[in-house]
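Please read them with the structure open.

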Amino acid sequence: MSGLVLYGVALFFALSAWHFARGRRTNPRAIARYSCYATALLAAALLLLAPPTVQAADRLHRLGIAPALPVLLGDTLRIGAACAIRLLAGVLRTPEPARRAVRRQLALLAGVLGVRAVLFVAAAPGLDASDLTAAPSTGARLALAGYTAAGVLYLAYCLTALLRQLARLARAAAPGRQRSGLRLLTLSLVAGLLWNAWGVDDVVQAAATGTQAGAEDALCGVLGLLCVALLATGLGTTVWPAAHAAVRGWLRAHRRYRALAPLWRDLHTVLPEIALAPASRLPLLPPRDPQFALYRRIIEIHDARLILRQHLDPRTPRWLAAATSRFPPSAARADATAEAAALAAALERAAAGARPNPDTPRTAPAAEPPHALGPDLESEADHLAHLTRVYATCPAVAEVRARARAAAPSPSAPDPDPVASPVR
């Protein structure tokens, strides 16, 4: 496969790793964990082993670094991905495998990596374009062949173990999308085994000529593309629909979270105590869990509204009537305009430091239009987003805000009209 294709495949594996990582946080299971490890390590290995990356490694001579080092690192990451695949096969067979079995696989991984490292040093390879070349001696050629053979055999062992478990699950699955996805994943592993078996050609070439080709031949490239295509289709059938729903839910929650920002920002500026917890991230970065952040922002807005009930101004209805005569709102915005105007006027009084109105404590009826809470988080978020748009853009609300700012009493002055009309 060409370098651009390998970069695209690496991106696919990186996105898959991101999805498995999210699944691990919400539902920590060994399957999601090892799937995340395998796809992430494969993505990193493909990035390092792509011919453009290997060819760029020639510049490492200037830094005093062996140019073949990225190839060793990429092969090591690929072997690590194979180990994660083997561990994934174990948890597919037994949801809670014994620690002894896990340690045995990790010990085997350490042994394979150790043998390969020794053979790599013995081969003392260099780079010729994207080809790995051993030192000019029979021992170096055999060491390079052994280095390649160890990787081929270990990868075949791990892929075979996962193939057996997926074939078993596919036979036991009921007809439907899950069985089709499992069968496609099984076929992708068969193609992967054939792709890996073609590496025997590299072993023979390394032993005979001391060269391991970096670029794949036509048949090897076809097998690789077939493996990736089947894998992508299988994941698209079994995993990606849920991933698409998760991403769509994340974007929807993030969009609602941002839509409440203008109203929340004004409330938090005047009433900083409404913040439930200090932000643990940079302001420009999106929240890690936008659904929870949205829920917290809604709670904070309602807490601020409870506090502002004691600052509601009974003159707001008169100001609003005068403002709407000049800027009549649409029927869909009428209730939100009254609600936003009362909130803006109370916020101006609180910002001016006016004394709370003793006749309108937090729990008493206040001069603001009634609002019934939505039946769920999404409906309440949509209502507050609509209220925020009206609060930030309606000229009638802006005029009420200006009048409330001009009429706001000083902190020591008494309220000119302390009796609030009970509307709620």
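1. Accessible areas here come from the Shrake-Rupley method with a 1.4 Å probe. On that basis the accessible surface of the protein comes to about 21,400 Å², and carbon and sulfur atoms account for 64% of that surface. The model is predicted, and every value below is computed from it.

2. Overall make-up. The protein contains 16 helices and three strands. It has 424 residues, of which 43% are buried. Taking the contacts between residues at least 6 apart in sequence, 81% join residues that are at least 24 apart.

3. Helix α4. This helix covers residues 69-93, 25 residues in total. From first C-alpha to last, α4 reaches 37 Å, close to the 36 Å expected at 1.5 Å a residue. Is α4 mostly covered or mostly uncovered? It is mostly covered, with 19 of its 25 residues buried.

4. Aromatic pairs. Searching the whole structure gives three aromatic pairs. In one of them, the rings of tyrosine 34 and tyrosine 37 have their centres 6.3 Å apart and their planes at 65°, so the pair is edge-to-face; the cut-off for that class is over 60 degrees. Both tyrosines belong to helix α2 (residues 30-49), and because they are three residues apart there, about one helical turn separates them. An α-helix has 3.6 residues a turn, so residues three or four places apart point the same way. Tyrosine 34 is buried, at a relative accessible area of 9%, whereas tyrosine 37 is partly exposed at 34%.

5. A second pair. Phenylalanine 120 and tyrosine 147 form a tilted aromatic pair, 5.3 Å centre to centre with 55° between the planes. Phenylalanine 120 lies in helix α5 (residues 99-123) and tyrosine 147 in helix α6, so this pair ties together parts that are 27 residues apart in sequence. Phenylalanine 120 and tyrosine 147 are both buried.

6. Arginines over rings. Elsewhere, arginine 401 lies over the face of tyrosine 391, with 4.7 Å to the ring centre.

7. Threonine 148. This residue is placed in helix α6, which runs over residues 138-172. Why does threonine 148 count as buried? Its relative accessible area is 9%, and the cut-off for buried is under 20%. Which residues does threonine 148 contact, leaving aside its neighbours within four places in sequence? They are Arg116, Gly199, Asp202, Val203 and Gln212.

8. Helix α7. Leucine 187 is placed in α7 (residues 177-197) and counts as partly exposed, at 47% relative accessibility. Leucine 187 and leucine 226 are 39 residues apart in sequence, and their C-alpha atoms are 9.3 Å apart in space. Asparagine 196 is also placed in helix α7, but it is buried, with a relative accessible area of 11%. Setting aside neighbours within four places in sequence, asparagine 196 is in contact with Val152, Leu155 and Ala156.

9. Cysteines. How many disulfides does a search of the whole structure find? The search finds zero. For cysteine 83, the closest cysteine sulfur is that of cysteine 158, and the 6.5 Å between the two sulfurs is too far for a bond; the cut-off for a disulfide is within 2.5 Å. Cysteine 83 counts as buried, at 2% relative accessibility. Cysteine 36 is buried too, with a relative accessible area of 11%.

10. Alanine 342. This residue is found in helix α14, residues 334-351. Is alanine 342 buried or exposed? Alanine 342 is buried, because its relative accessible area is 1%. Tryptophan 319 is 23 residues from alanine 342 in sequence, and the two are 9.9 Å apart in space, C-alpha to C-alpha.

Notes
Residues numbered from 1 in each chain as written. Predicted model: local features only at pLDDT ≥ 70, side-chain atom pairs only at ≥ 80, totals over all residues. Heavy atoms only, no water. Helix = DSSP H or I, 4+ residues; strand = E, 2+ residues; numbered from the N terminus. Buried < 20%, exposed > 50% of the residue type's maximum accessible area, 1.4 Å probe, protein only. Contact = heavy atoms within 4.5 Å. Expected span 1.5 Å × (residues − 1). Phe/Tyr/Trp six-rings, centres within 6.5 Å; stacked < 30°, edge-to-face > 60°. Lys NZ or Arg CZ within 6 Å of the ring centre and 35° of its normal.
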